[in-house]
Amino acid sequence: MGDVQFRFREDEPVADPGVTVDVFGSQTNAAAVRLEPGDDARDLLPYLDRLKLIEVNFPVFTDGRGFSSARVLREAGYTGELRAVGELPVDHLALLRRCGFDAFAPDPPVNPVDAENAFARFAEVYQPTTDGRAPIWAKRHG
């Protein structure tokens with residue numbers, strides 16, 4: 001697990017190591033799980049109330065399945081820490097945030113100034129997502 005470089009939560013960071021989805025099913029005390037690209041986030045839905053941390057691994061920046069995993073989890077009501085880990089290019093950060101990620105552990109780390117610019121770049125958005133911002137079309141047409 002890489003170091004968390006950016007975190008958008010007020011609660012204490014979760015230090016528990018994330019177990020794999022396969023192992024999670026057999027452990028009754030695990031509070032953190034790690035989703036790999038081939039894992040189905042929907043397998044975790046019955047356990048969302050006991051999970052404090054879900055890490056979603058992005059081993060290569062070209063694999064976008066983690067975006068969908070985040071959205072599935074947030075739309076199902078998951079309120080714990082949702083951490084993106086792995087190869088996270090700076091231009092993906094704002095989109096990852098919009099899908100529901102609230103912590104980031106990029107490997108390699110990204111330049112903090114570039115990341116802050118990426119998080120703040122788009123004042124208006126086009127698609128509805130889990131971050132609560134109204135898309136521009138909804139502002140225009142109610």
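**Close-up views around strand S5**

**View 1. Strand S5 and its neighbour S6.** Strand S5 pairs with strand S6 (residues 103-106) through 4 bridges, and the two run parallel. Pairing here needs at least two bridges found by DSSP between the strands. Helices (H or I, at least four residues) and strands (E, at least two) are DSSP runs numbered from the N terminus. Within this pair, Gly86 stands opposite Pro106 in S6. S5, helix H3 (residues 93-99) and S6 form a right-handed β-α-β unit. Right-handed means that, with the strands pointing away from the viewer, the path from the first strand over the helix to the second runs clockwise.

A note on the model: this is a predicted model, where local features need pLDDT of at least 70 and side-chain atom pairs count only at pLDDT 80 or more, while totals for chains, interfaces and linings use all residues. Residues are numbered from 1 along each chain as its sequence is written, and side-chain values use heavy atoms, leaving out hydrogens and water.

**View 2. Strand S5 beside S4.** Look now at S4 (residues 53-58), which is joined to S5 by 6 bridges in a parallel arrangement. Phe58 sits opposite Gly86 in S5. From S4 the chain passes through H2 to S5, and this β-α-β crossover is right-handed. S5 (residues 81-86) is mostly covered, with 6 of its 6 residues buried (under 20% relative accessible area; exposed is over 50%, partly exposed in between, with a 1.4 Å probe and protein chains only).

**View 3. Ser69 in helix H2.** Ser69 belongs to helix H2 (residues 65-75). Ser69 counts as buried because its relative accessibility is 11%. Leaving aside residues up to four places away in sequence, Ser69 touches Leu35 and Ala41, where contact means heavy atoms within 4.5 Å.
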